[in-house]
Amino acid sequence: MKNKSILRVIFVVLILGTYSVSCRQTHADSGEQSRISSLSAGQEDTSVKVKSAGREKASVPEILSRKQIPVLCYHRIRPWTASDGRIARDNVIHPGLFKAHMRTLSDSGYHSILPDQLLDHLEYGDALPDKPVIITFDDGSIGQYDVGVPTLESQGFRGVFFIMTIATGRKGYMSATQLREMSDRGHLIASHTWDHHSVLEYDSAAWKVQLSGSVQTLEGITGKPVRYFAYPFGLWSPVSFPYLRASGMRGAFILATKRDSTDPLMTLRRINVPGYWNEKTMLQNLKRSFR
Ligand SMILES: [Zn+2]
């Protein structure tokens, strides 16, 4: 296992030494993307099934053929203020409406699952509960603790909290103690970088600070390994994949853009839920985006 990790790191260093990571492409830049994808994909053989811990891992085509599981993304949970413009309202949901969303999911028969269940399903075909959904929260603002956690728990749900660690303990954000408590209660704490810069801007030193640094901080807080990542602004590039895998990430979440065809686990789709979707609209969009 240790040897495998070392080999993986060496491989990543080789790739990144050859191909500068100053690449500023986005997911829309598909020609360049597929070229780099095929390079970075080499560390995890995507064309054949591989054995892992005695179990047969699904190939990429198999993973892509499985039904997508809905993943919701919320940001701030608080009332709108007069200064909240349209863009802010994409990321701010009233506590009452958030509660209605969760009640509606529960009344419609949805069961929240955590990313390990999703990955076990995608990679090994493990069964999931009926109508699975993953409920995620980005950035780490305080309403997620004050309103989000008790609301989730009142419906028997567990959430996934992607934290930008620079803000932990700051005014308006959750503290380390609160994150620890949430983790102890069965919610998942995961990385959303150190200071929320887009990964498209990182060189290898920045990856160290933004990913390894944030993962270390969070692992120190929760006492559990961090295996999941959410790209700031949902912006990603295949150049990111080797860094993410070398840091032990099992999966990485984007927003509603198309998955990468060679590494769907590093581009797990979510939909952002704006604060102006009522519960019916939320449910319609969830069904439409993940059919
Ligand atoms: Zn964010």
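Author: Start with burial. This model is predicted. Of the 291 residues of the protein chain, 39% count as buried.

Reader: How many helices and strands does the protein chain have?

Author: There are eleven helices and twelve strands.

Reader: And the contacts? What share joins residues at least 24 apart?

Author: Take contacts between residues at least 6 apart in sequence. Of these, 65% join residues at least 24 apart.

Reader: Which residues of α7 are buried?

Author: G143, Q144, Y145, G148, V149, T151 and L152.

Reader: What covers the buried residues of α7?

Author: The cover includes strands β4 (76–77), β7 (132–139) and β8 (160–163). Helices α5 (95–107) and α8 (176–184) are also part of it.

Reader: What about the backbone after α7? Is the phi of G156 positive or negative?

Author: G156 follows α7, and its phi is positive, near 75°.

Reader: Now a single residue. Where is A206 found?

Author: A206 sits in helix α9, residues 204–222.

Reader: Why does A206 count as partly exposed?

Author: Count the neighbours. A206 has 18 other C-beta atoms within 10 Å. Buried needs 20 or more, and exposed means 12 or fewer, so A206 falls in between.

Reader: How far apart are A206 and W194?

Author: They are twelve residues apart in sequence. In space, A206 and W194 are 9.8 Å apart, C-alpha to C-alpha.

Conventions
Residues are numbered from 1 along each chain as its sequence is written. This is a predicted model: local features need pLDDT of at least 70, side-chain atom pairs count only at pLDDT 80 or more; totals for chains, interfaces and linings use all residues. Helices (H or I, at least four residues) and strands (E, at least two) are DSSP runs, numbered from the N terminus. Two residues are in contact if their C-beta atoms, placed from the backbone, lie within 7 Å.
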